[in-house]
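Here are some quick notes on this model, as promised. Have it open while you read.

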Amino acid sequence: MRFNRIAAVVERHLYDARHNLERVTDTLYWPVMDIVVWGFLTVFLAQRGNLRPGLISFLLGAAVLWGMFRAFQRDLAVSFLTEVWSHNVMGLLTTPLTIREYLSGLLIINLLKAIVGTAAATIVAFVFYSYDFFPYLLALLPFILVLIIFALAVGILVTGLIVRYTTKIQSFTWSITGLVMPFSCVFYPLTALPRPLRPLALALPTTQAFEGLRQVMAGGGLSLARLGSGLALDCAYLLAAVAIFDWLFRAARARGLLVKME
Amino acid sequence: MVLEVDHLTKDFGSCRVVDDVSFGVSEGEIVALLGPNGAGKSTTIHMLLGLIDPTSGTIRMFGKSLQHHREEIFGKINMSSPYAGFPSRLTVLENLLVYARLYGVQNRQAKIHALLGLLGIDELEKRPMLQLSFGEIARVRLCKAFLNDPKLLLLDEALGGLDPYAATLAKEALMQLQRQHGTAILYTSHNMVDVEELCSRVVFLRRGRVIATGGPTEVTRAILREDRKRPALSEAFIRASRSEPHEVQ
């Protein structure tokens with residue numbers, strides 16, 4: 001791995017952010033809008049007395065972190081799609097840049113975006129809904145890591161699918177988290193799911209992260225069991241995503257799709 | 001040999017688009033890869049660039065297998081192809097800065113300014129790519145292709161769309177690169193005048209097979225089956241395109 005090549009990928013996307021208002025929209029607009037909507041909902045429920053203490057923290061905290069997870073996964077795949085849309089894939093693949101270096105560059109740039117977006121959402125929640133995320137931050141950081149690694153795995157998988165099946169399936173970039181969300185127990189506990197669906201939910205790192213988040217916010221401290229399960233699942237999904245990506249990339253190269261990707 | 005292509009074959013399903021192609025390119029040599037549309041030129045170039053896996057055969061560059069030494073080899077080669085674009089909202093300079101960093105070019109700004117000047121597009125530096133004409137983009141592609149002073153340059157229709165002045169500048173730049181760095185160039189084009197002017201050797205493909213190879217005059221003679229003193233590649237090209245492959249082999 002060469003640092004200069006990873007830095008080149010970061011530099012390319014920083015230039016893109018400078019010229020493309022859409023990138024700013026993706027980074028700031030949606031995380032802030034999510035929090036505004038969830039904030040109003042919590043205010044409404046609180047006014048009607050339907051909200052037990054602590055639930056505001058659960059809902060807004062979950063909204064912030066789910067927004068971060070979704071944005072991270074989406075932006076990783078969109079970063080690759082921008083190369084496809086601009087016919088730049090061929091240029092990049094014929095430089096010494098390796099796939100690992102490319103993905104590392106995307107990881108860095110999207111981590112920066114996720115930090116900016118999550119910070120903006122947190123500030124909005126604090127200013128308008130008096131929701132203070134910071135006392136929990138330290139205890140939540142391990143679960144944020146669990147979410148980021150899973151988002152990376154999903155992003156790599158979607159990118160691999162785009163490489164193999166081209167832009168025909170690019171809508172996966174925006175929709176795949178919707179498939180994961182109902183089983184991730186983002187806004188409700190695992191026990192709210194029908195019993196047959198719980199094993200599926202437990203197989204997702206997102207469920208482990210949001211269950212852990214609720215325990216932290218309820219004052220139950222850091223659950224090492226949830227964290228351990230989340231990280232172990234992350235490792236399995238990441239390894240599987242990388243293996244599937246390599247397989248899809250080889251299949252695309254054998255079929256000559258890398259030069260006709262649009 | 002800078003490039004050795006040995007029995008290269010590519011099948012897409014039941015369709016064989018490159019059929020047992022072998023040739024080599026030595027240091028400092030400019031070789032044209034010619035043939036009618038669908039002859040397999042671009043597929044061959046794309047296999048040389050590692051974008052398409054061959055069905056069989058081997059590709060060696062600088063004595064090393066492309067399959068096993070991709071990263072090392074790609075640091076020493078470059079390419080220009082009309083299929084390769086640039087992020088359109090980035091400026092010319094930004095795009096070239098990114099590529100220069102990918103190739104580990106020292107003193108990026110100075111190198112880019114020198115190349116933009118060489119190709120007569122220094123005034124385009126701050127323009128976004130989407131504001132450029134087709135010919136201007138072709139010149140930016142050539143700047144990108146020259147960034148790492150490549151030892152092997154793969155040019156697929158690189159001078160297409162250039163006006164006569166720009167084409168002259170581009171050809172001068174190519175010759176300068178070849179003289180200064182001993183760059184070997186593999187060149188595909190449908191402009192036979194350019195090929196006769198630039199290339200010392202021609203590999204002529206037809207339906208995926210090499211049907212003639214040698215100097216431009218030799219290839220002319222082989223395809224026309226006449227004793228010619230000068231190259232007439234346009235004429236040979238038309239004859240080869242009309243004939244069945246076995247008629248010109």
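Predicted model: local features only at pLDDT ≥ 70, side-chain atom pairs only at ≥ 80, totals over all residues.

1. On overall dimensions, a compact globule of 249 residues would have a radius of gyration near 18 Å, and chain B has 18 Å, so the two agree. The C-alpha trace of chain B spans about 55 × 40 × 35 Å along its principal axes.

2. As for the inside of chain B, 48% of its 249 residues are buried. If you take the contacts in chain B between residues at least 6 apart in sequence, 64% of them join residues at least 24 apart.

3. Now the contact between the chains: chain A puts in 27 residues and chain B 27 residues. On the side of chain B that touches chain A, α2 (70-74) and α3 (92-102) of chain B each supply at least two residues. The largest share of that side, six residues, is from α3(B). Sorted by class, the side of chain B has 16 nonpolar, six polar and five charged residues.

4. Over in chain A, have a look at helix α3 (residues 55-85) and helix α7 (residues 172-180), which pack at about 155 degrees with their axes 9 Å apart. An angle over 145 degrees counts as roughly antiparallel, so α3(A) is roughly antiparallel to α7(A). The crossing of α3(A) past α7(A) is right-handed.

5. Who makes that helix contact? From α3(A) the residues include A:F69, A:R70 and A:L81, while α7(A) brings A:T173, A:W174 and A:T177. By class, the contact has five nonpolar, three polar and two charged residues.

How values were computed. Residues numbered from 1 in each chain as written. Chains lettered and ligands numbered in written order. Contact = placed C-beta atoms within 7 Å. Helix = DSSP H or I, 4+ residues; strand = E, 2+ residues; numbered from the N terminus. Nonpolar A, V, L, I, M, F, W, Y, C, P; charged D, E, K, R; others polar. Rg over C-alpha atoms; globule rule 2.2 N^0.38 Å. Buried ≥ 20, exposed ≤ 12 C-beta atoms within 10 Å, placed from the backbone. Axes fitted to C-alpha atoms, helices over the stretch in contact; angles between N-to-C directions. Parallel < 35°, antiparallel > 145°, perpendicular 65-115°, else oblique. Left-handed = near helix turned anticlockwise from the far one by under 90°.
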